[in-house]
Amino acid sequence: MKINDYIGRPWINGKHDCWTLVRDIYRDHLNIKLPAIVIDADNLRQVLKAFEDNDNLSPWQPIPVPEHLCLVFFTPGHHRATHCGLWLDVMGGRFLHCHRKAGVVFEDRVTLEQNGWCNPRFYRYRQL
């Protein structure tokens, strides 16, 4: 997987957002087609509902420690997730995610938290 193919891709609401990045990588590198979650990323209520919807979460199993290419949910300092990305076991382990301020970035945990993304929760995909 060439991480540089993704880094710098701009964040575009509804076209290139955090979930789209996860979907693209799972499709391109794991041959897994994840469903689209079509929401207005500027609408916090829609984001919270999408990330808490059992239909969206049913194929994901919580795991205590990250695994390569696992899904990660983040919070901006509160208890409910509003952002997602992927954990990659490269360079000591880092997060690949796409957010509105910078597009796709590849950050270590310290940088991630300095940028306001906290409380990562890790999930493994399991086909039902």
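Okay, two tryptophans to start with: W19 and W60 are both buried, where buried means under 20% relative accessible area, exposed means over 50%, and partly exposed is in between, using a 1.4 Å probe and protein chains only. Before I go on, this is a predicted model, so local features need pLDDT of at least 70, side-chain atom pairs count only at pLDDT 80 or more, and totals for chains, interfaces and linings use all residues. Residues are numbered from 1 along each chain as its sequence is written, and side-chain values use heavy atoms, with hydrogens and water left out.

Back to the rings. A search of the whole structure turns up 10 aromatic pairs. For W19 and W60, the ring centres are 6.5 Å apart and the planes sit at 75°, so we call that pair edge-to-face. The rule is that rings of Phe, Tyr and Trp (its six-membered ring) pair if their centres lie within 6.5 Å; planes under 30 degrees apart are stacked, over 60 edge-to-face, and the rest tilted. W19 is in helix α1 and W60 is in strand β1, residues 60-63, so this pair ties together parts that are 41 residues apart in sequence. Helices (H or I, at least four residues) and strands (E, at least two) are DSSP runs, numbered from the N terminus.

Next pair: F74 and F95 are also edge-to-face, at 5.5 Å centre to centre with 70° between the planes. They link distant parts of the chain, with F74 in strand β2 and F95 in strand β4, 21 residues apart. F74 counts as buried because its relative accessibility is 0%, and F95 is buried at 0% as well. Ring pairs also join F74, W87, F95, W117 and F122 into a cluster.

Now, which residues touch the most other members of the largest nonpolar core? They are W19, V22, L71, C84 and L96, out of 29 residues in that core. By nonpolar core I mean a set of buried Ala, Val, Leu, Ile, Met, Phe, Trp, Tyr and Cys residues joined through side-chain atoms within 4.5 Å. At least two residues each come from α1 (18-30), α2 (44-52), β2 (70-75), β3 (83-88), β4 (94-99) and β5 (103-107). The largest share, six residues, belongs to α1. There's a second, separate core of nine residues, including I63, F74, L112 and F122. As a general point, nonpolar side chains in soluble globular proteins tend to be buried together.

Let's look at H83, which is in strand β3. Is H83 buried or exposed? Its relative accessibility is 3%, so H83 counts as buried. Its side chain makes a polar contact of 2.8 Å with the side chain of H97. A polar contact is a pair of N or O atoms within 3.5 Å; within protein, one must be able to donate a hydrogen and the other to accept it, and residues adjacent in sequence count only if both atoms are side-chain atoms. Leaving out residues up to four places away in sequence, H83 touches several others, among them C18, F51, H99 and W117; contact here means heavy atoms within 4.5 Å.

One last comparison of places. L44 sits in helix α2 and is partly exposed, with a relative accessible area of 49%.
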